[in-house]
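The sequence and the model come first.

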Amino acid sequence: MSEMFRSRASATTDQPRQTHVRYLILAMLFGITLINYADRSAISIVGPALRDDLGINSVTMGYIFSAFSWAYVIAQLPGGWLLDRFGSRRVYAAGILLWSTFTFFQGTAGAFTAGAAVIVLFVLRFLVGLAESPSFPGNSRIVASWFPLQERGRAATIFNSAQYFATVLFAPIMGALTYHFGWEATFFVMGALGVVCFFIWLVVVHAPRDHQRANEAEVAYIAEGGALVDMDHDSRTQTSQRGHTGRTLRRLLSSRMLVGIYISQYCFNALTWFFLTWFPVYLVDARGMNILEAGFVASIPAVCGFAGGILSGVFSDMMLRRGHSLTAARKTPIVLGMTLSTSMLICNYIDIDWLIVAIMALAFFGKGFGGLGWAIMSDVAPKEASGLSGGLFNMFGNCSGIVTPIAIGYIVNDTGSFNGALIFVIAHALTAVFSYLFIVGRIERIRFD
């Protein structure tokens, strides 16, 4: 009997314990997304100093702000196709190196005359947008391949919440760099940091079955939980996608669920791009802060947005574990969060700075809590075209990155006030709520059978 007991104990001990490499992958996605958002938003932190140095007005600033999104939108479908064709790791790595290089060279714009400098900044911002286009579809693909359904909400909101933490971490740093060394230094430092991250990416990120540190127990666990562990291998070998991109797009666009998700993401990103571009300028122009103060104050709402983003995924996955449907678990945080973000309207009627910052923090928390769009894309994208469907989602969403900075630029220039800009953003939040309540319907994975 004792020998039998020792034999069973030995068998149990001999079985390898499950590794947790997926959390290392998630940490890498979080870190790269930090750099991603810091690089795309650096122009907003240096905006007041750059504007004064080059002598440009709000409308011109709006167009410079929007240059990123023009390219980002145009490149979403090609970027998604590249991800499906060549895999997330290689395409994403190329993007990191390129966008970091273009960010670095934005620091050279001050060497040109004002008119030429505007053109140089617009072109380089445009190139940053091209290079960053595969990043979020790539994040979504990697989460879908590394995380089971019951962990996917948290994983997606963690990488998505990096957009808020980027402001928390880098806004004070970039504000200090600009204040002490000039706006050019901000671009030089951020570009160099991105190049370092490119080399780290190559070492850390691999597909589940290719990762030397992930054992069979972990791969089996995530595969049994619905992770698409062979996504990159399958997408490169399936011939059905090659030459049939147009047909795939038509099938995606014929889904009422996806169209509703696309509309909501466009509206959600109106809030994103207000905070990424005009919010520091709002603090300087409308609230009388200097650029150093604005950099630090902008980080306060971002902390709340980060907290909202993390809690959103935890709340959604908790609803799933308690037996709620995927539809209810994903929609509930979005509707609650977007509704809460409309609280920023109060800022049009008060003049107390600390209270304005507190209300913006509350609105930013709501925006973070409603940021489940990429979790939903990991849930619904067909495995044969996850990159393409993620690119389409991001393309629609970031059309708002073109419209919002320009529209706010005209509103501020014509009215001399940010009141209309806040109303513009709030209207988008309410439209996102309407779309999820009345257009999206049931949330489920699309299958090409």
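## Surface residues

Leu82 sits in helix α4, which spans residues 76–86. The model is predicted. Leu82 is partly exposed, at 33% relative accessible area. Together with Trp81 and Phe86, Leu82 makes a nonpolar surface patch of about 250 Å².

Phe122 belongs to helix α6, residues 114–132. Its relative accessible area is 28%, so Phe122 counts as partly exposed. Phe122 and Tyr63 are 59 residues apart in sequence. Their C-alpha atoms lie 7.8 Å apart in space.

Trp354 is in helix α16. Trp354 is exposed, with a relative accessible area of 61%. The cut-off for exposed is over 50%. Trp354 and Arg90 are separated by 264 residues in sequence and by 46 Å in space, C-alpha to C-alpha.

## Salt bridges

Side chains of opposite charge can pair when their charged atoms come close. In the whole structure, a search finds nine salt bridges.

One of them joins Glu132 and Arg40, with the closest N and O atoms 3.1 Å apart. Glu132 is in helix α6 and Arg40 in helix α2, so this pair ties together parts 92 residues apart in sequence. Both Glu132 and Arg40 are buried.

Asp84 and Arg141 also meet through their side chains, at 3.2 Å from N to O. This pair links distant parts of the chain. Asp84 lies in helix α4, and Arg141 lies in helix α7, residues 135–146. The two are 57 residues apart. Asp84 is buried, with a relative accessible area of 7%. Arg141 is buried as well, at 1%.

## A salt-bridge network

Asp317 forms a salt bridge with Arg154, and the closest N and O atoms are 3.1 Å apart. Asp317 lies in helix α14 (residues 291–321) and Arg154 in helix α8, so the pair ties together parts that are 163 residues apart in sequence. Arg154 is partly exposed, with a relative accessible area of 31%.

Asp317 and Arg154 are also linked with Arg152, Arg330 and Asp379 in a network of salt bridges.

## The largest cavity

The whole structure holds five cavities of 30 Å³ or more. The largest has a volume of about 170 Å³. Its lining is made by 20 residues. Nearest its centre lie Ser41, Gln163, Thr167, Phe275 and Leu276. The elements that give two or more residues to this lining are α2 (21–54), α8 (149–181), α13 (256–285) and α16 (353–369).

Helix α8 supplies the largest share of the lining, seven residues. By class, the lining of the largest cavity has 14 nonpolar, five polar and one charged residues.

## The second largest cavity

The second largest cavity holds about 110 Å³ of space. It is lined by 16 residues, and the closest to its centre are Tyr37, Asn160, Gln265, Asn269 and Trp374. Two or more lining residues come from each of α2, α8, α13, α17 (373–380) and α18 (386–415).

Which element gives the most to this lining? It is α13, with five residues. The lining of the second largest cavity divides into six nonpolar, nine polar and one charged residues.

Methods. Residues are numbered from 1 along each chain as its sequence is written. This is a predicted model: local features need pLDDT of at least 70, side-chain atom pairs count only at pLDDT 80 or more; totals for chains, interfaces and linings use all residues. Side-chain values use heavy atoms; hydrogens and water are left out. On a 1 Å grid over the protein atoms alone, a cavity is a set of points where a 1.4 Å probe fits but cannot get out, and a pocket is an open set with protein on both sides within 12 Å along at least five of seven lines; lining residues have an atom within 4 Å of a point. Grid points are joined across faces, edges and corners, and a volume is the space filled by probe spheres set on the points. Helices (H or I, at least four residues) and strands (E, at least two) are DSSP runs, numbered from the N terminus. Ala, Val, Leu, Ile, Met, Phe, Trp, Tyr, Cys and Pro count as nonpolar, Asp, Glu, Lys and Arg as charged, and the others, Gly among them, as polar. Patches are made of residues with over 30% relative accessible area and no salt bridge: like charges are joined within 9 Å, nonpolar side chains (Val, Leu, Ile, Met, Phe, Trp, Tyr) within 5 Å. Accessible areas come from the Shrake-Rupley method with a 1.4 Å probe; for residues, only the protein chains shown count as cover. A salt bridge is a side-chain nitrogen of Lys or Arg within 4 Å of a carboxyl oxygen of Asp or Glu. Buried means under 20% relative accessible area, exposed over 50%, partly exposed in between (1.4 Å probe, protein chains only).
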